[in-house]
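Let's take a walk through the aromatic rings of this model. Have the viewer open and follow along.

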Amino acid sequence: MMKLLWVGIAVVVVLGKWVDGFVEFSLNETEISLMEGFGVSKAGYNPLMVGLTLIHGAGAKGAVCLDGTLPGYHWHRGYGSGANNWLIQLEGGGWCNSVRNCVYRKTTRRGSSTYMEKLIPFTGILSAKAEENPDFYNWNRVKLRYCDGASFTGDSEHKGAQLQFRGERIWWAAMEDLMSKGMRNAHQTLLSGCSAGGLASILHCDNFKSLFPGNIRVKCLSDAGLFLDAVDISGGRTLRNLYSGVVGLQGVQKNLPQICTNHLDPTSCFFPQNLIASVKTPLFILNAAYDSWQIQSSLAPPSADPHGFWHECRLNHAKCSSTQIHFLQGFRNQMLKVISRFSHSPQNGLFINSCFAHCQTERQDTWFADDSPVIRNKPIALAVGDWYFDRAAVKDIDCPYPCDNTCHNLVFR
């Protein structure tokens, strides 16, 4: 499997270029995990590396990865004014919707703790440096690893293929373990996640709130988790078909919010557009209006483009025709319509930038750096902080492409 290229200043000279004011990072085309890596980093950058902790009590609860191994997380302890504050980051990494691809997945870090990195860098929202993460640097910061393939919501098994679909149990086992390690005494908490983890942060937001007394500040952040039930370029619904497989195979239905399943089918209730307006806990949605993963895997996947008319465009927005850009503007319009009701709640927050990106909280260059993406001169880290601490209302929606010259667009090759 191809791995994420670490793009530093020296590499950008070769692989990255400035086009019409946009900095572009050239990457190999591969699965979603490419865009959920540990960030584009400066040359010589030396991030904090945090070790993996397996949840040893999880096995007795049946809370195991696809292959039956123990789940785990990475935890860097808070200190000073952040000693009793907790940020939980849910890892992303796509989904598995068939026995075949779940069997493959259990041979990777997305389905087995055997293959998880024992140390991972904490960057962006997980950074321990005030100059990189001004509001959360000294909090307890936890990254919960993703090894179930259903956004921490499944609860089933396939005995013949030796597959355990136990994402819901992993979620609760991890929360119980962290509560026992001090999170029960939290003064402030934030549940966040990227991509499939961003979807999970929406699905579990109110569950997370239920763990704490009513006087504790509890909020949730979804980064690149606003997956739309969109029509692809062939007129089909690629992502709906994928989600239908995930929900059916992994026993997700019983763990979906009942307020949704009372009037919609289970697959529809795996789409955040049908969930966000009913989440009671304050929620911040951070998403690129031209989400790179959704363009590649939902709107214009090879299966919907047998003649390859979209091949160049799906890899590099600069090579899209005016007709293709018009189609992508329609996707942005659908996203804005989806968040319309959600945005009316004063407790919620928004940052929808007009970039070709995916997952912007854990990448240092997009979270908080000298040249980070901004809307009205405010970078993502400060927007999230202003919303979380009630310093300001944040409902930031960018003008349509190509007006934003601060984007760190992803380009594939």
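Buried here means under 20% relative accessible area, exposed means over 50%, and partly exposed is in between (1.4 Å probe, protein chains only). This is a predicted model, so local features need pLDDT of at least 70, side-chain atom pairs count only at pLDDT 80 or more, and totals for chains, interfaces and linings use all residues. Residues are numbered from 1 along each chain as its sequence is written, and side-chain values use heavy atoms, with hydrogens and water left out.

There are 24 aromatic pairs in the structure. Rings of Phe, Tyr and Trp (its six-membered ring) pair if their centres lie within 6.5 Å; planes under 30 degrees apart are stacked, over 60 edge-to-face, and the rest tilted.

Start with Tyr 79 and Tyr 137: their centres are 6.4 Å apart and their planes sit at 70°, so this pair is edge-to-face. Tyr 79 is in the loop between strand 4 (72–76) and strand 5 (85–90), Tyr 137 in the loop between strand 6 (119–122) and strand 7 (140–144), so the pair ties together parts 58 residues apart in sequence. (Strands are DSSP E runs of at least two residues, helices H or I runs of at least four, numbered from the N terminus.) Tyr 79 is partly exposed at 42% relative accessibility, and Tyr 137 is partly exposed at 23%.

Now hop to Tyr 243 and Phe 271, whose centres are 4.7 Å apart with planes at 50°, so this pair is tilted. Tyr 243 is in helix 6 (residues 238–250) and Phe 271 in the loop between helix 7 (258–261) and strand 12 (283–288), 28 residues apart. Both Tyr 243 and Phe 271 are buried.
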